[in-house]
Amino acid sequence: MTATGAPRAAKVHFEPLDGYRALASLLIVVAHAVLGLGLVENLPTLDANRLSFMGVAMFFTMSGFLLYRPFIVAHLQDRPMLPVGTFLRRRLLRIFPLYYATLFFFYVILPRIRTPGEGYQKVLQAQAWDWAYLSNIRLALDGWWPSGYLGHFWSLAIEEQFYLVWPVLVLLCSRRVFLFLCGGLLTISVAVRWGQWIDGDLLVRGYFTWARLDPLVTGAALAALARGPLGLERLRPWARIAGIGSVAALVYLIVSELHERPDHVARLFVETLFALAFGSLLVLTVTARKGGALHR
């Protein structure tokens with residue numbers, strides 16, 4: 001019970017999603033290991049970065065679902081809800097301490113331990129982007145981050161930017177409008193990538209937040225659809241179809257690249273395909289029968 005006597009929304013822990021999270025982590029670790037060992041030269045078309053992007057897309061889908069599910073469901077069902085300020089404060093306290101401790105070591109302590117070289121000097125000159133959680137914007141504007149140590153912070157930047165805006169949109173929308181909003185934002189994300197492709201700068205500008213919304217809004221839409229104990233159960237048949245279709249499309253793209261026949265237009269929808277595949281996996285995982293193969 002809350003202080004006012006209203007029932008407190010129950011916290012739900014989806015155990016199978018621990019494995020989902022582990023798989024996402026594994027994809028990213030393997031990708032960076034491949035890059036670090038210099039194995040990319042042996043895979044000229046099937047880029048190791050794709051594995052990393054897959055892992056990031058898994059995390060984004062899960063974040064859109066888990067981080068906003070109690071918030072969204074409470075609002076759409078007119079139930080007691082965590083205040084936006086409290087919600088944001090809890091999210092920031094989970095990430096900010098370690099994030100800024102890392103930046104403090106890298107930008108304040110490390111220069112006093114060793115003399116910065118030319119490359120390190122360039123990193124120090126651009127550190128404001130990291131402190132402001134805008135490293136993804138720097139990547140999109142200038143290309144690859146000059147340091148391999150903190151380049152991966154771009155995904156954290158996108159998530160934090162998403163956290164700041166999304167709760168307000170949830171509060172302002174009815175359930176029907178919210179789902180239309182998710183569909184509209186997904187369409188806009190594809191349209192943004194289309195414009196970037198026409199400009200010939202698809203990869204670099206793909207780090208803009210509005211070009212990476214597909215998995216985040218997919219997870220959030222699933223959170224809105226998860227109303228009641230059987231909320232996602234009714235999506236299981238559709239999840240199987242969407243999952244099989246999106247995986248088949250991704251396999252086609254990979255095979256095309258291996259045979260050096262890349263379909264550049266289809267690449268515009270890779271993030272969308274990731275979102276469909278991992279959103280489908282999320283539905284099947286959350287609704288898996290306890291003790292079943294997928295649950296285990």
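The side chains of Glu271 and Arg212 come together in a salt bridge with an N to O distance of 3.0 Å, a salt bridge being a side-chain nitrogen of Lys or Arg within 4 Å of a carboxyl oxygen of Asp or Glu. Because Glu271 belongs to helix α14 while Arg212 sits in the loop between α10 (202–205) and α11, this pair ties together parts that are 59 residues apart in sequence. Helices here are DSSP runs of H or I with at least four residues, numbered from the N terminus. Both Glu271 and Arg212 are buried, where buried means under 20% relative accessible area, exposed over 50%, and partly exposed in between, with a 1.4 Å probe and protein chains only.

The model is predicted, so that local features need pLDDT of at least 70 and side-chain atom pairs count only at pLDDT 80 or more, whereas totals for chains, interfaces and linings use all residues. Residues are numbered from 1 along each chain as its sequence is written, and side-chain values use heavy atoms, with hydrogens and water left out.

## The salt bridges

| Salt bridge | Distance (N to O) |
|---|---|
| Glu271 and Arg212 | 3.0 Å |
| Arg193 and Asp214 | 2.9 Å |
| Asp18 and Arg21 | 3.2 Å |

The side chains of Arg193 and Asp214 meet in a salt bridge. This pair links distant parts of the chain, with Arg193 in helix α9 (residues 175–198) and Asp214 in helix α11 (residues 214–225), 21 residues apart. Arg193 is buried, at a relative accessible area of 4%, and Asp214 is likewise buried, at 0%. Asp18 and Arg21, by contrast, both lie in helix α1, three residues apart, or about one turn of the helix. Asp18 is partly exposed at 36% relative accessibility, and Arg21 is partly exposed at 33%.

## Helix α8

Helix α8 covers residues 154–172, and its 19 residues should span 27 Å at 1.5 Å a residue, which agrees with the 28 Å between its end C-alpha atoms; the expected span is 1.5 Å times one less than the number of residues.

The buried residues of α8 include Trp154, Phe162, Tyr163, Trp166 and Pro167. Glu159, which also lies in helix α8, counts as buried at 9% relative accessibility. The C-alpha atoms of Glu159 and Phe59 are separated by 9.7 Å, although these residues are 100 residues apart along the chain.

## Nonpolar core and surface patch

The largest nonpolar core has 65 residues, and those with the most contacts inside it are Phe65, Trp166, Phe178 and Leu232. Helix α14 (residues 270–286) supplies the largest share of this core, nine residues. Such a core is a set of buried Ala, Val, Leu, Ile, Met, Phe, Trp, Tyr and Cys residues joined through side-chain atoms within 4.5 Å.

On the surface, Leu23, Leu26, Val30 and Leu51 form a nonpolar patch with about 300 Å² of accessible area together. Patches of this kind are made of residues with over 30% relative accessible area and no salt bridge, with nonpolar side chains (Val, Leu, Ile, Met, Phe, Trp, Tyr) joined within 5 Å, and accessible areas come from the Shrake-Rupley method with a 1.4 Å probe. Helix α1 (residues 16–36) contributes the largest share of the patch, three residues. Leu51 lies in helix α2 (residues 48–66) and is partly exposed, with a relative accessible area of 30%.

Methods. Helix = DSSP H or I, 4+ residues; strand = E, 2+ residues; numbered from the N terminus. Patch = residues over 30% accessible without salt bridge, like charges linked within 9 Å, V, L, I, M, F, W, Y side chains within 5 Å.
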